[in-house]
Structures are given as C-alpha cells and as structure tokens.
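Hi,

Here is the structure I promised to pass on. Have a look at it, and then read my notes below.

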Amino acid sequence: MKNTPPLGPAPARGAPGESGLTTAQRRTLLALQEAGGPRSVVEVAAATGVHPNTVRAHLEALVASGHVERARRHAGGRGRPSAVYAAEPSDHSVREYRALATAFVEQLASGPGMGERLRDISRAVGRTWSGHRDVEPVDGDDARPVVVGALRRLGFAPDDTDPDHVRLRTCPLLDVARVHPDVVCQVHLGLVDGLLRRAGDDATQAGLAPFAEPGACVLHLERP
C-alpha cells in the first residue's frame, strides 16, 4: 500500500552542504547562487561557458542532491512552460525570516482580540522583510515572480508550475504553525501581501489555504 504524504508542507531546511559535489557541479551551483533567481539551462550555460546539454546534466544532479529546485517559467502566449532552476535558500535568509516572523506570532498569539488587527499587523512582516531586500516595482503590475522568488529564498520551496496556484512545499515556521495555525498562516499571508504592495501590484488578491493538500499549503494569487 502506497503511503500518502500528510496534509501540509514539510519543515524548511537550510542550504545543504556541498560535500560530494563535483567541481563542475559546484561551479554550476555558484552560477545559480550569483544569479539570484531562477534561470534556464541556456542562461546557466551562458554564465558558465559550458554546453547546455552538460549544464542540464549538472542541474539535474543538483536537483537530486537537494541543492537546486526545478520549476516552470510561464511565458506569455501558448506553449509548454520552460524549466528553470534556482538554488535552494541560504540558511541565513531562512533564519532571519523565522526570527522575525516568530516574534510577531508570539506577540499576536498572546494578545487579546486578534480579529481584524491580525492581517494588518502581519503585513508589517512583508513590508519589513521586503524593505531590507530593496524589492523594486515590477513591469506590468504583476508581482507574482517577485512573490515566488521571495518565498523561495525564505524556505517555502514554492511550486509555481500551476498558473492559478502556488504550492508551498516547505514551511520555515511549521513547528509554530502547528501550535498557532491561524496566526502563522496570517503572518505568511501578510508577508505575501506586503511583497505585492511594495512591488507596486495593487490588483492581485492573495489567499492561503493552509494544510490543503498532501505535502503543501496552497497560495492563491488572483487578479481581476
């Protein structure tokens, strides 16, 4: 009988060590880390000066070892989305967000009458974190790539292959979320909301379905 993964994401982890990687794989990983966001095989090949077929093999090996995440890039028009690769988040970024968000959670969970105050206060997490990261306004007012990139750096392992949803495969606050799920999920939603607004996207509405699927929470980003 096949085991079904539990509902909700797995715990986030810091960046894996580089022991066991070949020199070529380390160079490929370094190119992705310096890129600061998802890149295609062709883009990584151009950055490293290595043939795309060889780069693809290195990238797939890094995916298998947990150093790199594979996603899909949604281009305009028809056609199958192309594969892109991104380095897993740094341990520093995950620790920083965990410390900031945990402080908010502890204060909110212990305070009386969270109610409507919760979402407003939670947005401060997104504004504070994105403010330190110099999030720039986006062209076309669609900040989905900004949100997905930020969530990846913070350890949420977002699966962006579905144009309607973003599945969050891991959670940097999973232990706290199990104790205070309403508060933690609102903090995460506030983070997304703050990133959207800081990037200049006032149209997209964010919604989060916590522990919605085996292995993931589901983030909805709806545009009118």
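Helix α8 (181-198) has 18 residues, and at 1.5 Å a residue they should span 26 Å; its end C-alpha atoms are 26 Å apart, so the two agree. That expected span is 1.5 Å times one less than the number of residues, and a helix here is a DSSP run of H or I, at least four residues, with strands being E runs of at least two, numbered from the N terminus. Bear in mind that this is a predicted model, where local features need pLDDT of at least 70, side-chain atom pairs need 80 or more, and totals for chains, interfaces and linings use all residues. Numbering runs from 1 along each chain as its sequence is written, and side-chain values use heavy atoms, without hydrogens or water.

α8 is largely enclosed by the rest of the structure, because 13 of its 18 residues are buried (under 20% relative accessible area, 1.4 Å probe, protein chains only). After the helix comes G200, with a positive phi near 90 degrees.

Of its 32 residues, L151, V192 and L219 touch the most other members. α8 gives the most to this core, nine residues. Leaving out residues up to four places away in sequence, V192 touches V147, L151, A206, L219 and L221 (contact is heavy atoms within 4.5 Å). There is also a second, separate core of 12 residues, L32, V41, V68 and A87 among them.

Cheers

Note on methods:
Buried means under 20% relative accessible area, exposed over 50%, partly exposed in between (1.4 Å probe, protein chains only). A nonpolar core is a set of buried Ala, Val, Leu, Ile, Met, Phe, Trp, Tyr and Cys residues joined through side-chain atoms within 4.5 Å.
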